[in-house]
Structure formats: structure tokens, C-alpha cells
Amino acid sequence: GIGRSEGALVTFRSEDQPDRGYEVFTTRPDTLFGATFFVMAPEHPDVVALAAGGPHEAAVRAYVDAARAAPNDERSAGERPKTGVPLGRNVINPVTGEAIPIWVADYVLISYGTGAIMAVPGHDDRDHAFATVYGLPIRRVIDGGDGSLPYTGDGRLVNSHADFDGLPNREALQRIIAWLEADGRGERSINYRLRDWL
């Protein structure tokens, strides 16, 4: 069958080359303020080039070769230990302006969206597991009242932006898409994914 996801395409610009950007598809633009790192699939065409000349180049090449040999269903399994390598480069979070590190990790599949994701460890289970392994920042941007992270339910925005803090996240999600569109930083999008037949 076909999986249909509604969300936004959001552009994360390269810190070194501001004219260069990477689009991600996200169903949760309401959590953009909590994106503390960026992850590319091992098959993403820019991964090796981004690492070239940097301290992690050899590790990135070895990781990409190993990941390409593993079957997708095994790679995306939720309980599998998270592994990855930093590329030694940053992108700019388009809503906070902060530089966040790019990693390559095999839990991101090239077949989903654009082959790159914004990682929101406070509000996504897989991103949280990865951030925990590598000591990456985990930021709460939706308050669900229970205090624990990752929190994947609905709630009110916190630690985000004066225009959105306090709003129910579903309402904030629509307003954030409109705000991104007005500034040319993103656009409303629907992603269709052919589900693998089992």
C-alpha cells in the first residue's frame, strides 16, 4: 500500500556554504525548535564529499560501506543499537539560527523523504536513543505534563519562539508552516511512500 504523510519540506542551509541547503521532510514542524542535530542516510550522495578532508573521513567511508551491505529492514528496526559517525560539518537550524552537527547514521533510509532528517531527540524515540549514545543535546519543546523524554504526544509548545510558545502543538504546527513559507524556509508538503510488501 501507499503511506501518506502530511507535513513540511524544510531547508537546512550549510554553515560553510549558505547557498547550499538540504531539504528534509518532517511530519512534525511543531518540533523544529528542538532539532539539535541533522542525520543523513549512508547512501545520501553528499555524505562522503562532506566528510572529505576532515578528521572523520576514513571513519565515514568505512561506515557507509558497511551500512550499504546491511538490509534495510534490519537497519530500521527500532530496537537495534544506534550507530553513526559525525561528518565534521554543520547545518543551520532555520528557526533557531544555531549551527547543528551533521551525522551519518544507518537508521535513516534513503528511501524515506529526502534521505536526511532533522533529529529531535526530545520528541522522537529513535533520535532520543541516538542522542543518548553520542551525548548530543536533548531539548524539550513540547510540554505534555509528564516530565519524561522522549515525549511523542501532544501538548503546548515551550522553549520555542514567543509567537508559538503556549500554543497547542497541532495549532502551532500549522502556524509554523505558514511562517516558514512566508520566509522561503520551507513549504507544506505531502510525502507518499510505497510501503514494502512483506
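Biologist: Which residue caps the N-terminal end of H4?
Modeller: Asp124 does, in this predicted model: one of its side-chain oxygens is 3.0 Å from the backbone nitrogen of Arg126.

Biologist: And what follows H4?
Modeller: Gly135, which has a positive phi, near 65°.

Biologist: Which residues of H4 are buried?
Modeller: Asp127, His128, Phe130 and Ala131 are buried. Viewed down the helix axis, the buried residues of H4 fall within an arc of 165°, so they line one face of the helix.

Biologist: Which are exposed on the other side of H4?
Modeller: Asp125 and Thr132 are exposed there.

Biologist: What do the buried residues of H4 pack against?
Modeller: They pack against four strands: E3 (37–40), E4, E5 and E6 (116–119).

Biologist: Let us turn to salt bridges. How many are there?
Modeller: The count comes to 10 salt bridges. One of them joins the side chains of Glu98 and Arg139, at 2.8 Å from N to O. This pair links distant parts of the chain, 41 residues apart. Glu98 is in the loop between strand E4 (84–92) and strand E5 (99–105), while Arg139 is in the loop between helix H4 (125–134) and strand E7 (142–143).

Biologist: How accessible are Glu98 and Arg139?
Modeller: Glu98 is partly exposed, with a relative accessible area of 28%. Arg139 is also partly exposed, with a relative accessible area of 26%.

Biologist: Which residue does Arg170 meet in a salt bridge?
Modeller: Arg170 meets Asp154, with 2.9 Å from N to O. Here too the pair links distant parts of the chain: Arg170 belongs to helix H5 (residues 169–183), and Asp154 to the loop between E7 and strand E8 (156–157), 16 residues away. Both residues count as partly exposed, Arg170 with a relative accessible area of 44% and Asp154 at 43% relative accessibility.

Biologist: What about Arg175? With which residue does it form a salt bridge?
Modeller: With Glu171, the closest N and O atoms being 2.8 Å apart. Arg175 and Glu171 are separated by about one helical turn, because they are 4 residues apart in helix H5.

Biologist: Why does that spacing matter for direction?
Modeller: An α-helix has 3.6 residues a turn, so residues three or four places apart point the same way. As for accessibility, Arg175 is partly exposed at 41% and Glu171 is partly exposed at 33%.

Biologist: Changing topic, how many residues are in the largest nonpolar core?
Modeller: It has 49 residues. Those with the most contacts inside that core are Phe12, Phe37, Phe38, Met40, Leu87 and Tyr107.

Biologist: Take Leu87. Which residues is it in contact with, apart from its neighbours within four places in sequence?
Modeller: Leu87 is in contact with Met40, Val47, Leu50, Ala51, His56, Val60, Ile102, Trp103 and Val104.

Biologist: One more residue: where does Phe25 lie, and is it buried or exposed?
Modeller: Phe25 lies in strand E2 (residues 21–26). Phe25 counts as buried because its relative accessible area is 6%, under the 20% limit.

Biologist: What does Phe25 touch?
Modeller: Not counting residues up to four places away in sequence, Phe25 touches Ser5, Glu6, Gly7, Ala8, Leu9, Tyr112, Gly113, Thr114, Ser189, Ile190 and Asn191.

Definitions and conventions
Residues are numbered from 1 along each chain as its sequence is written. This is a predicted model: local features need pLDDT of at least 70, side-chain atom pairs count only at pLDDT 80 or more; totals for chains, interfaces and linings use all residues. Side-chain values use heavy atoms; hydrogens and water are left out. A nonpolar core is a set of buried Ala, Val, Leu, Ile, Met, Phe, Trp, Tyr and Cys residues joined through side-chain atoms within 4.5 Å. Buried means under 20% relative accessible area, exposed over 50%, partly exposed in between (1.4 Å probe, protein chains only). Contact means heavy atoms within 4.5 Å. Helices (H or I, at least four residues) and strands (E, at least two) are DSSP runs, numbered from the N terminus. A salt bridge is a side-chain nitrogen of Lys or Arg within 4 Å of a carboxyl oxygen of Asp or Glu. The arc is that of the directions from the helix axis to the C-beta atoms. A polar contact is a pair of N or O atoms within 3.5 Å; within protein, one must be able to donate a hydrogen and the other to accept it, and residues adjacent in sequence count only if both atoms are side-chain atoms.
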